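Let's walk through this model together, starting from the inside and ending with the charged pairs. Have the viewer open as you read.

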Amino acid sequence: MGDAVTDTQASGGDVERARLTVDALARLPGALLPILHALQDEFGYVDDAAIPLITDALNLSRAEVIGVLHFYHDFRTTPGGRHTLQVCRAEACQAMGSDALVRHVEERLGVAMGETTEDGAVTLRDVYCLGNCALSPAVMLDGRLHGRVTPDRVDAILNATVEAPAGSTR
Ligand code: FES
């Protein structure tokens, strides 16, 4: 990566991997989205250090790349936790109480939507329809869908999957 690159994801091999990914897709028409998706698939998020690679390859400004990155809800710009809990906030789930569910999980995990718990265990994300509207409210933990989720159920789902923090008496 160039001189201006900071050193987050940018350590040696990762930079080269990111560069190869960018270069492999740069000639596609509308290459920006495929590149962002490919970087996220490979690293789990799009690191700031990858932005100069993209701007150079596609002859775009940093603002243009960042604008697209932040416009689409699915792109992450920081590494996620070991587990990802997504809570659906679209219409059907909202009608069935997803707002209360969101408040409950934010309180339980001590983070807001989009954040990762301090111990790196769980990233909490909102999502707009998981295709499970008939069984709303819905959540997805590590890609596994759960329907008709109450605060008690989401606690049980988390307890069954997420390791308790050290010293916890859960
Ligand atoms: S609205 Fe939540 S799953 Fe469709």
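**Inside first, then the charges**

Start at Val139: leaving out residues up to four places away in sequence, Val139 touches Leu85, Gln86, Val87, Leu101, Leu130, Arg144, Leu145, His146, Val149 and Ile157, where a contact means heavy atoms within 4.5 Å. Before going on, some ground rules: this is a predicted model, in which local features need pLDDT of at least 70 and side-chain atom pairs count only at pLDDT 80 or more, while totals for chains, interfaces and linings use all residues. Residues are numbered from 1 along each chain as its sequence is written, and side-chain values use heavy atoms, with hydrogens and water left out.

Val139 is also one of the residues with the most contacts inside the largest nonpolar core, alongside Leu85, Val87 and Leu124; this core has 18 residues. A nonpolar core here is a set of buried Ala, Val, Leu, Ile, Met, Phe, Trp, Tyr and Cys residues joined through side-chain atoms within 4.5 Å. Buried means under 20% relative accessible area, exposed means over 50%, and partly exposed is in between (1.4 Å probe, protein chains only). Two or more residues each come from strand E1 (83–88), helix H6 (98–109), strand E2 (122–127), strand E3 (139–141) and helix H7 (151–161). H6 gives the largest share, four residues. Helices (H or I, at least four residues) and strands (E, at least two) are DSSP runs, numbered from the N terminus. There's a second, separate core too, with 17 residues, including Phe43, Ile51, Val65 and Phe75.

Now look at the loop between H6 and E2, where Ala121 sits. Ala121 counts as buried because its relative accessibility is 3%.

On to the charges. A salt bridge is a side-chain nitrogen of Lys or Arg within 4 Å of a carboxyl oxygen of Asp or Glu, and that rule gives six of them. Asp14, Arg17 and Glu42 are linked in a network. Arg17 pairs with Asp14 at 2.9 Å, N to O, both in helix H1 (residues 12–25) and about one turn apart. Glu42 also meets Arg17 at 2.9 Å, N to O; this pair links distant parts of the chain, with Glu42 in helix H2 (residues 32–43).

Finally, Asp126 and Arg89 form a salt bridge at 3.2 Å, N to O. Asp126 lies in strand E2 and Arg89 in the loop between E1 and helix H5 (91–95), so the pair ties together parts 37 residues apart in sequence. Asp126 is buried at 13%, whereas Arg89 is partly exposed at 22%.
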